[in-house]
Each structure stands twice: as C-alpha cells, then as structure tokens.
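Take a look at the sequence and the 3D structure below. The report then walks through some of the packing inside.

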Amino acid sequence: MHSYPDPNVVFPNDYGTTCFLKNVITAPNIQVGDYTYYDDPVDPTAFERNNVLFNWPEFGDRLIIGKFCAIASGVQFVMGSANHRMCSISTYPFHVFGGAWESHTPPHLSQLPFKGDTVVGNDVWLGRESVVMPGVRIGDGAIVAACSVVTRDVPPYTLVGGNPAREIRKRFDPELTALLLELRWWDFSPERLDAFLPTLCSGDLDAVRETIRHMLGKA
C-alpha cells in the first residue's frame with residue numbers, strides 16, 4: 001500500500017521550515033490549495049501575519065492561491081487596502097486619524113482604488129523576497145524570480161523578473177503549454193499523480209509532450 005504526503009498536515013517533512021499553507025490560514029478571504037507550501041527558516045506558520053500585508057477582509061478583495069505552489073522565504077502579498085486615495089489632490093489618509101478629520105472626510109476604505117482579487121494559479125514558483133501587488137493574476141506554471149515586484153498579470157508558464165517584473169521568456173512552446181493547461185495534472189488523484197511523477201520530473205520535453213498527447217487522446 002502506497003503512502004502519499006498528507007495535504008492536511010502543517011509540517012509535511014522533518015525539516016521544520018516548510019509548511020502546507022492551507023492548514024495555517026485563518027482569514028476568511030485567503031484561500032490556498034492542497035500541497036502549496038511556504039518555506040521560512042524562522043516560522044513558516046506565521047505566513048498570514050508576516051507575508052499578507054494590509055489584509056482587511058471587509059475591504060472585499062481576496063487572495064487565492066492554487067495547488068502545488070512553491071513560495072520561498074520572504075514572499076509578500078500586498079492587499080488592496082494598502083492603497084491610498086488617488087482621485088483627489090492629496091493621498092493622505094486624514095480619516096483614519098479621527099477627530100475633526102474623520103467628520104470631514106469619507107470613510108477611509110471607501111476611498112481606496114479597488115484592484116480586485118489577487119490570484120495565483122497552480123504549480124507557481126514565487127522566488128525569495130518577491131512581492132505581488134494587489135489585483136495581480138499569475139497563471140499556472142509561472143515562475144517569479146527572486147526579489148521581483150509583480151505589478152501586472154503573468155501569463156501561464158512564463159518566467160518573469162525585475163522591478164517591475166517583466167517577461168524574461170516563455171517556459172515552453174505554445175503547444176506544450178496548451179497541453180499542460182488542458183491536462184491539469186494538479187487535479188489528479190494521489191494514485192494517478194504518483195504514476196505521472198516520472199513524466200512531471202523528466203527533462204525530455206519531447207517525450208513529455210508525446211505522453212500528454214496520448215493521455216489526452218491527441219496522439
């Protein structure tokens with residue numbers, strides 16, 4: 001009988017620096033898929049407190065992270081309520097300081113630009129100390145280089161880097177990318193995934209392509 005890693009444990013191995021994130025999230029507006037991990041030598045379980053900045057669920061935006069994502073130490077997500085009012089002469093948040101300022105200004109959160117949900121796909125690798133800004137969508141299989149600041153959407157299976165992050169290259173050709181997006185291996189059962197692991201970890205992309213074509217009935 002095979003033994004598979006349990007997505008419902010906090011620490012999936014003996015290192016103690018890596019945790020499966022979905023099991024330590026408490027905020028109602030943060031959703032994380034199975035097997036997505038955060039690695040931190042100090043306290044990976046403090047991800048929600050230290051790495052999701054300015055998260056006020058009442059603002060209305062969500063952070064959605066898919067399955068099998070690898071999130072390196074120091075990665076931060078900036079939520080929408082970190083913004084300031086930009087439609088007026090001053091960006092200063094007078095309302096939050098109370099007193100007469102509060103009575104003469106609209107409620108603070110209602111003045112902020114709303115960027116929508118921040119969405120990270122499946123099998124995404126976010127490099128060390130990278131920052132993801134509000135409302136960004138990062139596609140399946142994408143890679144974000146260390147110390148990058150992601151200010152715009154990232155297409156699937158694309159490597160980006162820099163500040164602001166820009167496309168460095170596509171990971172695969174359009175056909176293989178389309179096959180992977182159709183296959184959705186991250187939704188496989190544990191048994192099917194186990195059998196598919198040699199293909200997932202193979203560097204022979206031509207053989208990988210043919211295997212996936214066969215699996216999808218396109219051979």
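This is a predicted model: local features need pLDDT of at least 70, side-chain atom pairs count only at pLDDT 80 or more; totals for chains, interfaces and linings use all residues.

Residues are numbered from 1 along each chain as its sequence is written, and side-chain values use heavy atoms, with hydrogens and water left out.

**Helix α5**

Helices (H or I, at least four residues) and strands (E, at least two) are DSSP runs, numbered from the N terminus. Helix α5 spans residues 205–215, and V208, R209 and I212 in this helix are buried. They cover an arc of only 100° around the axis, so they sit on the same side of α5. The arc is that of the directions from the helix axis to the C-beta atoms. An α-helix has 3.6 residues a turn, so residues three or four places apart point the same way.

Buried means under 20% relative accessible area, exposed over 50%, and partly exposed in between (1.4 Å probe, protein chains only). D206 and H214 are exposed, on the face of α5 turned away from its buried side. The cover over the buried residues includes α3 (174–183) and α4 (190–200). Contact here means heavy atoms within 4.5 Å. After α5 comes G217, with a positive phi near 75°.

**Nonpolar cores**

A nonpolar core is a set of buried Ala, Val, Leu, Ile, Met, Phe, Trp, Tyr and Cys residues joined through side-chain atoms within 4.5 Å. The largest one has 29 residues, and F77 and I138 touch the most other members. Strands β2 (30–32) and β5 (63–65) each supply at least two residues of this core. A second, separate core has 13 residues, including F172, W185, F188 and L193.

**Aromatic pairs**

Rings of Phe, Tyr and Trp (its six-membered ring) pair if their centres lie within 6.5 Å; planes under 30 degrees apart count as stacked, over 60 as edge-to-face and the rest as tilted. This rule gives 14 aromatic pairs. Two of them are listed here.

| Pair | Centre distance | Plane angle | Type |
|---|---|---|---|
| F20 and Y35 | 5.7 Å | 85° | edge-to-face |
| F94 and W101 | 5.4 Å | 90° | edge-to-face |

F20 is buried, at 7% relative accessible area. Y35 is buried too, at 19%. F94 is partly exposed, at 29%, and W101 is partly exposed, at 44%. Ring pairs also link F20, Y35, F68, W185 and W186 into a cluster.
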